[in-house]
Amino acid sequence: MFSVILFLLGLNVSAETFETSPVPSVMTRDVPAMIQLQKPRALSYLLQNISPADTALGVVVASPSKSEPDYYYHWVRDAALVMASVQDRLEKTSESRERQFYEKKLFDFAAFSRRNQLARTLSGFGEPKFFVDGRGFDGPWGRPQNDGPALRALTLIRFAKHLLKDPLNRKYVVEHLYDSKLPTQSAIKADLEYVSHHWRAPSFDLWEEVFGEHFYTHMVQRASLVEGAKLAEMLKDPEAARFYRTEAIKLEAKLKSYWNGRYIGATRTPSENKPSNLDLAVVLGVLHGDTQDGFYSVNSPQVRASVQHLEEAFYNLYRVNRNGQIGIAIGRYPEDTYDGVQTNSLGNPWFLGNHALAEYYYKLAKDSSKKISPLQRAEWMQKGDEFLARSFSHMNQSNGSFSEQFHRTSGYMQGARDLTWSYASFLTATEARQF
Ligand code: NOJ
Ligand code: NOJ
């Protein structure tokens, strides 16, 4: 009856996710089939949020939701992460129509990113979000957010490397992406110059709440300089390469100071409202800042310990974790008070949190595969599957949509609907599962 009424009201909830009547609970053995079902749906929802009809080309809206909450903006961070998953698709396809389709999305994103860099905004390169017509958002906000330029560079560096495989693209790359000149007119080099000269400056964290120095921001800044140095070398800009590397090494020293003896803290000076300093941001920093060179890799003891602490904290915090379904529901940080609309409430688990933990365990199984027993490897794969199972249990059961959050007690979806980052993080997690 209850579900019938909700259905008639057209509410985007599925009664099956209600705590007292859980879904035909998703078991880990169902996960491979669920992934097959969910992958095309997630991709199609994600693509709908790239350059929708009433926006400039190259815009990635954070969500189609225009009120409560209004997420109809181009967020630099979200857009870069979403376009990284489009870049994954591009690298995977061998079909030329598909390749052109994804390349077009990335060309548009590159052009819009350059517009963002040149736009007159309140905080310059660290400006966190833009109106969908390309103007800088000029209301009060936590700015600057210095993870943005680093993430944008990381995605565009991958795109540049992909393009350089075809000599016909070289002209475009050296004109628009990396021109080896100072002052530069190109998107990647402009971001790398900003990152290499400003990483010491405090900024707002990826959750847009805390002003300070952050592990996440420093991890992705370092990664952009490491990857940027490789591209600079390819494009005959050796002095820049040397400078980016030197700054990356200084960042490494800084990054080591986040370890508190038990886990990696999110912010250098823990803020009053977040005394635990435990944060999903640390896992995201490891994933998004991965340069395959062993620096804070998924199997480093510090990272392993941090993940352990995070899982325990969320397991104890959310009642939904005791509703009989499999997989721990993961949120942003224990003290979170943002419920998806309001900030004076109680925080919830986030789909992208579960996807990040799944990706983490898949990568752990892969990266350690030479040193570990098949049994250990299977355990980690299973662990990853459990995190995805939890996410499947709370999505809309009839159409596979993900919002931003699901309620910590009832399990209902909550916050911005069709959050683009929820889909991107799902796709990246499933990529990591295949090896
Ligand atoms: C407050 C949230 O805590 C923050 O993460 C979010 O970005 C803003 N509101 C905007 O929705
Ligand atoms: C809130 C999140 O805290 C932030 O990381 C994100 O960029 C925005 N929402 C938009 O999705």
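1. An oxygen atom of ligand 2 lies 2.6 Å from an N or O atom in the side chain of D78. This pair is a polar contact, that is, a pair of N or O atoms within 3.5 Å. Taken alone, ligand 2 exposes 300 Å², of which the protein buries 97%; accessible areas come from the Shrake-Rupley method with a 1.4 Å probe.

2. The model is predicted: local features need pLDDT of at least 70, and side-chain atom pairs count only at pLDDT 80 or more, whereas totals for chains, interfaces and linings use all residues. Residues are numbered from 1 along each chain as its sequence is written, chains are lettered from A and ligands numbered from 1 in the order in which they are written, and side-chain values use heavy atoms, with hydrogens and water left out.

3. There are 13 residues around ligand 2, and Y71, R77, D78, L206 and R332 come nearest; a residue counts as near if one of its heavy atoms lies within 4 Å. The shell comprises eight nonpolar, no polar and five charged residues. In this scheme Asp, Glu, Lys and Arg count as charged, Ala, Val, Leu, Ile, Met, Phe, Trp, Tyr, Cys and Pro as nonpolar, and the others, Gly among them, as polar.

4. Around ligand 1 stand Y71, W141, W207, E208, E209, R332, Y338 and T343. An oxygen atom of ligand 1 is 2.6 Å from a polar side-chain atom of R332, and one is 2.7 Å from a polar backbone atom of W207. Taken alone, ligand 1 exposes 290 Å², and the protein buries 82% of that.

Methods. A polar contact is a pair of N or O atoms within 3.5 Å; within protein, one must be able to donate a hydrogen and the other to accept it, and residues adjacent in sequence count only if both atoms are side-chain atoms.
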